[in-house]
Amino acid sequence: MAMQLNKTQASPVAGHASRVWTRAIAAASLGILTAIAVPGPAMAADNPYQRGPDPTRDSVAASRGTFATASTTVGSGNGFGAGFIYYPTDTSQGTFGAVAIVPGYTATWAAEGAWMGHWLASFGFVVIGIDTINRNDWDTARGTQLLAALDYLTQRSTVRDRVDASRLAVMGHSMGGGGAMYAALQRPSLKAAVGLAPFSPSQNLNGMRVPTMLLAGQHDTTTTPASITSLYNGIPAATEKAYLELSGAGHGFPTSNNSVMMRKVIPWLKIFVDSDVRYTQFLCPLMDNTGIRSYQSTCPLLPGTPTPPNRYEAETSPAVCTGTIASNHTGYSGTGFCDGNNATNAYAQFTVNASAAGSMTLRVRFANGTTTARPASLIVNGSTVQTPSFEGTGAWTTWATKTLTVTLNAGNNTIRFNPTTANGLPNLDYIEIAAP
């Protein structure tokens, strides 16, 4: 059958107005000359999340990017089955975005997804590929385990300092693709979702807010192109999305080396995880039609403006540290950190400002050089809302980030960490507040 390349252009929607700089760069990458008043710098190089050299058609199609990679294993007992982490070894460019991937029904990561671990990592992502607790787990269970894998990766893994916890994505095949959709629906702060021949029996995508790419196989009789097109059409017009149908492919197209798939997935992750508009040229319009039977998207596919979270240093007033402001352990931000007294009520408190009331992401950077976790009551505006545990980080010079969710009032708020044991708090470097 003749190739059908169907492209749909979405009109600007609410939220895109704040992304003027990305529109300007995207227009330039598409060869469109437009006079736009851009507030502040408008060069891709100003993007703090951009990683790697300028991409080309050949580089995106290659089976390896420019980053050397390594891997490590993950045991069971972390809210998902055992897994593998793949990561760039380069530490000179800062942290990397991350993607959690789960295989399909009854499948294992080793048999189905391991081929893509180093491939994706070499393009500048930290990847965690997981097995499920039960190989017969359905989509919602797989989605829950994807989120657990991301939490493990960013909070407790040995590579957590390499990961930017604010730039995370999910991907899965078949039932795992349905799991990726469930995870994205449950956690709209994710930057991207990819469904590979997704089977999504437990939900539709009418509430999807995460930029979503769906891939189908032309000859797939398990999750047919028609069923995946229906999922695509259910994604709201305000959400960036793309659909690709792979020529001659069956249901198992993601289970072995597949360059056709990867040369589309990598630009998608780069655009929305790294806000890297250098990669829009490969999808808007579709640069390489090889192996693609049909394509739809909301071109020009604009990521959000990279907005750094509001950071509050533990050593800076009006923060309060019941202990001392120290600088004897390297790796901290600012001029020091809060080294609290070893007592149950030796608290650290921060005063933060929120422009509007609502749920916010709270990231806490800490170090715990002991082998004993140090739990604390998280007290927001006088009320205890949860009791996070700050696990050992291996050394006082090894800093980790714990990601929590809090509800704040408009204006000033107090966030206090009150230790619940006589061991006191870990050393606290800073907290960050960001929109979910």
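Which residues lie nearest the centre of the second largest pocket, and how many residues line that pocket?

Guide: The model shown is predicted. In it, 22 residues line the second largest pocket, and those lying nearest its centre are Thr95, Asp164, Arg311, Tyr430 and Glu432. The volume of this pocket is about 480 Å³. Three strands each give at least two residues to its lining: S6 (163-173), S16 (358-367) and S22 (427-434). Of the elements that contribute, S6 has the largest share, with four residues. Sorted by class, the lining holds eight charged residues, eight nonpolar residues and six polar ones.

Two single residues can be described next. Ala70 is part of strand S2, which covers residues 69-74. Between the C-alpha atoms of Ala70 and Pro88 there are 6.5 Å, although the two residues stand 18 residues apart along the chain. Once neighbours within four places in sequence are left aside, the contacts of Ala70 are Ile85, Tyr86, Tyr87, Thr89 and His118.

The other residue is Asp276, located in the loop that runs between helix H8 (259-273) and strand S10 (292-299). Asp276 counts as buried because its relative accessibility is 0%, and the cut-off for buried is under 20%. Residues up to four places away in sequence not being counted, Asp276 touches Asn47, Gln50, Arg51, Lys270 and Ile271.

Key. Residues numbered from 1 in each chain as written. Predicted model: local features only at pLDDT ≥ 70, side-chain atom pairs only at ≥ 80, totals over all residues. Heavy atoms only, no water. 1 Å grid on protein atoms, 1.4 Å probe; cavity = no way out; pocket = protein on both sides within 12 Å on 5 of 7 lines; lining within 4 Å. Points joined across faces, edges and corners; volume = space filled by probe spheres on them. Nonpolar A, V, L, I, M, F, W, Y, C, P; charged D, E, K, R; others polar. Contact = heavy atoms within 4.5 Å. Buried < 20%, exposed > 50% of the residue type's maximum accessible area, 1.4 Å probe, protein only.
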